[in-house]
Amino acid sequence: LFFFRCAMSLFFHGAAAHGCHRWAMKAFVPVAAATCRRGSATGRPMSHAGGQGLARWQTATFSTSKVLRCAPSAPRQALIVIDMQNGFCLPDARLCVKGAMGCLPKVVEAVDVARAAGVPIIWVVREHDPSGVDVEHTRQHLFQNGQPGSCTIGTEDAELVAPLEIKEDEHKVVKYRFSAFFQTRLNMLLQRMKVDTVVLVGVQTPNCIRTAAYDAVSLDYHTVVLHDATASKSPEVQAANLQDMADAQIKIIAVDDWKP
């Protein structure tokens, strides 16, 4: 330890003598703040939701250089449309997501882009038993005491919101929890189709989009969220959750940036 201290002292004194003291310090003292920088190079906002952070999310230009250029290319990518059902989108629905109808045109646009490019589309929906036996315990009250439940199988509530529709060569995956991957056949379908990149749209961002995105990352899929084709109950919630996913290296881009 004595000899090490002597060597370090000589090193720094020598560096200072040559006008290089700052360089010497940087060589041995990493600057932690450098790992937290935000800016146009990453295409991320400078702060979190609310105030200026929200404005930056609305106007940010996201770099596509780190999204495999992210133009649709079959069959490596798949578009996953999540919970775009009457029970979550229509204004009078019990579990309506306030921003759902606002993002619907962009969801339609993303579906059209995928179909034109030959990108597989997988529709993820909830379809619950009328008894509520398969719903999470936090929503069981919606099915009790004669209540109609939410997205019950065979009801209008569970149907896709117009004008969305599943084409003959597209797949439907039924889920019973927030994540599209949890105890469903989604991962098996993606593996069979040799997909390595999932592109997520739908509602709502803090619950079903976010959990699906993190599970996709856990399963080693490149993960993209089309931010203007997703929605939350408020702009502040939307911005905060997009920021969190971006910080987790999930790619956040607009539908226009995904077009060929």
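**View 1. The cysteines, with zero disulfides.** The count of disulfides comes to zero, where a disulfide is a pair of cysteine sulfur atoms within 2.5 Å. Let's look at Cys-89 to see why: its sulfur is 6.7 Å from the closest cysteine sulfur, in Cys-103, and that is too far for a bond. Cys-96 is in no disulfide either, as the nearest cysteine sulfur, that of Cys-89, is 7.6 Å away. Cys-89 counts as buried, at 1% relative accessibility, while Cys-96 is partly exposed, at 28%. Here buried means under 20% relative accessible area, exposed means over 50%, and partly exposed lies in between (1.4 Å probe, protein chains only).

A word on the model: this is a predicted model, in which local features need pLDDT of at least 70 and side-chain atom pairs count only at pLDDT 80 or more, while totals for chains, interfaces and linings use all residues. Residues are numbered from 1 along each chain as its sequence is written, and side-chain values use heavy atoms, leaving out hydrogens and water.

**View 2. An open sheet of six strands.** The strands are arranged in the order E3-E2-E1-E4-E5-E6, with parallel pairing. At the edges you will find E3 (171-175) and E6 (251-253), each pairing on one side only. Helices (H or I, at least four residues) and strands (E, at least two) are DSSP runs, numbered from the N terminus, and two strands pair if DSSP finds at least two bridges between them. Strand E1 (residues 77-82) and strand E2 (residues 121-126) run parallel and are joined by four bridges. Leu-79 has Ile-121 in E2 as its bridge partner.

**View 3. Helices against the sheet.** Helix H5 (residues 100-117) packs on the sheet and touches E1, E2, E4 (197-203) and E5 (222-231); contact means heavy atoms within 4.5 Å. The direction of H5 makes about 135 degrees with that of E5. Helix H8 (residues 235-247) lies across E5 and E6, running at about 170 degrees to E5. Axes are lines fitted to C-alpha atoms, for helices over the stretch in contact, and angles run from 0 to 180 degrees between N-to-C directions.

**View 4. The largest nonpolar core.** This core has 31 residues, and Leu-79, Val-81, Met-84 and Leu-226 have the most contacts inside it. A nonpolar core is a set of buried Ala, Val, Leu, Ile, Met, Phe, Trp, Tyr and Cys residues joined through side-chain atoms within 4.5 Å. H5 gives the largest share, eight residues. Beyond four places in sequence, the contacts of Leu-226 include Ala-110, Ile-253 and Trp-258.
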